[in-house]
Structure formats: structure tokens, C-alpha cells
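Colleague: I've got a model open and I'd like to learn how to read charged pairs and strand pairing in it. Can you walk me through?

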Amino acid sequence: MRWPAFLLASLPFLIAADVPAPPLAFPEVDRIVVAKAARTMTLHGKDGSLHVIEGIQLGDEPVGPKRFEGDERTPEGRFTIDYGNPASAYHLSLHISYPRPEDTAFARAQGRSPGGLIMIHGQPNDLPAGRVPGDWTDGCIAVSNEEIEALWAAVGDGTPIEIGP
């Protein structure tokens, strides 16, 4: 019979199905570039590598730069990652250095606050699995929990981030 040969040939596939994939990992990152319209985050590794995270999620009003607190827009411009928050309301978070002095001056000239606490973060801590659909943040950049864990390990304080339209 051919069954024993078939089972023997299938054994590596059956065993491989039980082995979990290794966790996502990025090399140490020295620059991040976000393209809001394309919903991508490109990580430039210190080793010269590039990695693109697709399907990033933005604020509820993703078109245009952030101007004021509550406008639900994601800022545009050059910033830095200045600290990480392991106790975030979302699965880890990396703070983006918004607002810059010019953002604050513009908002104050309009009698408004520029807002703040703009982060790259994972999904809400109370979400049992998966991702919240669509753009849903108040101006932050959301990625999957697996992606934020890899970013957490690869992105240090002071890493430049450029966010474009």
C-alpha cells in the first residue's frame, strides 16, 4: 500500500503546522518614514535594511496635518520618538515629539491648543484579538500588537520620524 509512504512524506508538514512562527523582529531602526495616504511606515535599519509596515491606522480625520487638540488628525512633519510607555491604554506605545514650537504657536494664534500625546501604539488593551477596523485613533498611528512589540525592541529614544501626507 501507498498509505505509509504518504503519511511519512506528510510528516514534516504536520509537524511544521504545530511549530509557532518566530516573533516578528526588526533590526535596530535609525529612521522611520510614514506615508499617511499609502498607510505605510518604512523602517530604515542601521544595517541598511528597509522594512515596510502596511495597513497602519491613523486618526479619524486622516487627511491634512494636525492643527488642534481634538481634530483627530495625525501630525505631519519631522519629529523624534522621545520615549516609550509600557503601561499605555494600548498595547505599548512610542511617543512622537509633537507638538513642535511652530505647532504650538499656530494653535495658540487661533486661540486653541495643539494637542499632544501622539503615539505609535498597538491595539486597545481590552481588544481580545485582531485589530480595530479602519482609522480610529485620535491622531496617533496604530499598528498590530505584534508590530508594536517588534518596534518597541528596535526603536530607541531619539529616533527620527518623518510623517508625510
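This is a predicted model: local features need pLDDT of at least 70, side-chain atom pairs count only at pLDDT 80 or more; totals for chains, interfaces and linings use all residues.

Colleague: How many salt bridges does a search of the whole structure find?

Modeller: Eight. Among them is glutamate 76 with lysine 36, whose closest N and O atoms are 3.0 Å apart. That pair links distant parts of the chain, 40 residues apart: glutamate 76 lies in the loop between β3 and β4, lysine 36 in the loop between β1 and β2. Both residues are buried.

Colleague: Why does arginine 131 count as partly exposed?

Modeller: Buried means under 20% relative accessible area and exposed means over 50%. Arginine 131 is at 33%, so it counts as partly exposed. Glutamate 147 counts as buried because its value is 14%. These two form a salt bridge as well, with the closest N and O atoms 3.8 Å apart.

Colleague: Now the strands. What should I keep in mind about side chains?

Modeller: In a regular strand, they alternate between the two faces of the sheet.

Colleague: And which strands pair with β4 in the antiparallel sense?

Modeller: β8 does, over five bridges, with arginine 78 opposite glutamate 162. β5 pairs with β4 too, antiparallel over four bridges; there, isoleucine 81 has isoleucine 96 as its bridge partner.

Key. Residues are numbered from 1 along each chain as its sequence is written. Side-chain values use heavy atoms; hydrogens and water are left out. Two strands pair if DSSP finds at least two bridges between them. Helices (H or I, at least four residues) and strands (E, at least two) are DSSP runs, numbered from the N terminus. A salt bridge is a side-chain nitrogen of Lys or Arg within 4 Å of a carboxyl oxygen of Asp or Glu. Buried means under 20% relative accessible area, exposed over 50%, partly exposed in between (1.4 Å probe, protein chains only).
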